[in-house]
Amino acid sequence: MNKKQILFSALFLTFACASAGAAPPEPSSLEAIFPPAEGTTFHSEWISLGMKAADLKEKQASAGHITDVGEAQIQLHFPAGWKPQDKRTALCIFPGGGYSIQAIEKEGSRIAGWAAEHGMVGVVVKYRVSGTSNALGKFPGPLLDARQALRTVRKNAAALGIDPLRIGVMGFSAGGHLAAMSSTLWNRTLPEEAGNPLKTVSARPDFSMLIYPVITMEPHITHGGTRNKILGAPPSPALEEMCSAERQVTEQTPPVFLVHALNDGVSCVNSRLMEQACQEKGVPASLNLYATGGHGYGMEKRGHPTDQWPEAAEQWLREQGFLPSPASARGGAPSGAGSSSGTRRE
């Protein structure tokens, strides 16, 4: 098949400024994307969300990990056979790293590749964090970036071959906390967004996949480093309440898929609390508990029961209607999301 240039114009994207009261920056255009030969996936360059804070120089903290991210960006991973006319499920992915670094490869690009292989558009979200600047990583900064990513994808769904009613989030560790906040605080008014031209676009995810997540801010259950970064010091009780995702679940929270190992250093009580809160509000929740696996495995196969979670995630997505059944997978996007009740696998 001949390569066909598909250019996404700047007209499709509108960006908001990170600081309240400032004028929005000039729109940035998506890169020209050249889909390769049929049968292979492909991805865009990094695309600015117009959310910029400190003038930091992004650097590699260790192999596959970055820090000092001063500008929020997204990278789109497209499935083989993608067309702008498609109406595919999109998965916005938040890598973990305690709001100080990001495991951008293991919990970012590799996950987006998995999403593309399963017919979705994977969207890696590079949100602002820093290991040196205490201002970055503190609420509401990461949430502003997450909401902007969701709004940008939804606003441009028609150009990106995405169904605006099938945009979900997946987060790992602290990224799981960010995904959980995105799923529970999506309609919370944030004064920092007063001048955001996308503020009228819904930031609600249609489903939420939380992988070994931090959920609560309760001191004896949460992860201390994550808590300190997102809350700052000293944290107010009101902010602790707002950032404890299990306390913010409502009937409008999207369906939730949870993964945790019993021997994880981030206590599995986090996921149990989220499951319980969803059950109390009638939100479908699937908690997948595994005997061993530890923390930070992404989708790597390490010879532990947690190796099974990607297959469980695929099954859950099909049950919920966000992926087509295997028999009809070649035909593209599913026709309707399901409403299966919560499940638990141990």
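I count two residues as in contact when heavy atoms of theirs lie within 4.5 Å. With that settled, I started on a model that is predicted.

**Entry: glutamine 248**

I found glutamine 248 in the loop between α6 (237-242) and β11 (256-261). Is glutamine 248 buried or exposed? Its relative accessibility is 12%, and the cut-off for buried is under 20%, so glutamine 248 counts as buried. I then listed its contacts, leaving aside neighbours within four places in sequence: Thr184, Leu185, Arg188, Glu241, Met242 and Thr253. With glutamate 241 there is also a polar contact, as the side chain of glutamine 248 reaches the backbone oxygen of glutamate 241 at 2.8 Å.

**Entry: helix α4**

How many residues of α4 are buried? I found eleven of its eleven, so by the under-20% cut-off the helix is mostly covered.

**Entry: arginine 227**

Which side chain does arginine 227 join in a polar contact? I found glutamate 240, with 3.3 Å between the two side chains. Glu240 is also on the contact list of arginine 227, along with Met217, Pro219, Thr222, Gly232 and Pro235, once neighbours within four places in sequence are set aside.

**Entry: aromatic rings**

I searched the whole structure for aromatic pairs and noted eleven. In one of them, phenylalanine 94 and tyrosine 127 have ring centres 6.4 Å apart and planes at 80°, so I wrote the pair down as edge-to-face. Phenylalanine 94 lies in strand β6 (residues 88-94) and tyrosine 127 in the loop between β8 (121-126) and α2 (141-155), so this pair ties together parts that are 33 residues apart in sequence. Phenylalanine 94 is buried at 0% relative accessibility, and tyrosine 127 is buried at 0% as well.

Next I turned to phenylalanine 207 and phenylalanine 322, a tilted pair with 4.4 Å centre to centre and 40° between the planes. How many residues apart in sequence are the parts that this pair ties together? I got 115, because phenylalanine 207 is in the loop between α4 (174-184) and β10 (208-211), while phenylalanine 322 is in the loop between α8 (309-320) and β13 (343-345). Both phenylalanine 207 and phenylalanine 322 are buried.

I also came across a cluster in which ring pairs link Phe172, Tyr212, Tyr297 and Trp309.

**Entry: charges over rings**

Which residue lies over the face of tryptophan 46? I found lysine 126 there, at 4.1 Å from the ring centre. Over the face of tryptophan 186 I found arginine 204, at 5.9 Å from the ring centre.

**Entry: a hairpin**

My last stop was strand β3 (residues 59-62), which pairs with strand β4 (residues 65-67) in the antiparallel sense over three bridges. Lysine 59 stands opposite threonine 67 of β4. The hairpin has two residues between its strands, and glycine 64 takes a positive phi near 80°.

How values were computed. Residues are numbered from 1 along each chain as its sequence is written. This is a predicted model: local features need pLDDT of at least 70, side-chain atom pairs count only at pLDDT 80 or more; totals for chains, interfaces and linings use all residues. Side-chain values use heavy atoms; hydrogens and water are left out. A polar contact is a pair of N or O atoms within 3.5 Å; within protein, one must be able to donate a hydrogen and the other to accept it, and residues adjacent in sequence count only if both atoms are side-chain atoms. Rings of Phe, Tyr and Trp (its six-membered ring) pair if their centres lie within 6.5 Å; planes under 30 degrees apart count as stacked, over 60 as edge-to-face and the rest as tilted. Helices (H or I, at least four residues) and strands (E, at least two) are DSSP runs, numbered from the N terminus. Buried means under 20% relative accessible area, exposed over 50%, partly exposed in between (1.4 Å probe, protein chains only). A charge sits over a ring if NZ of Lys or CZ of Arg is within 6 Å of the ring centre and within 35 degrees of the ring normal. Two strands pair if DSSP finds at least two bridges between them.
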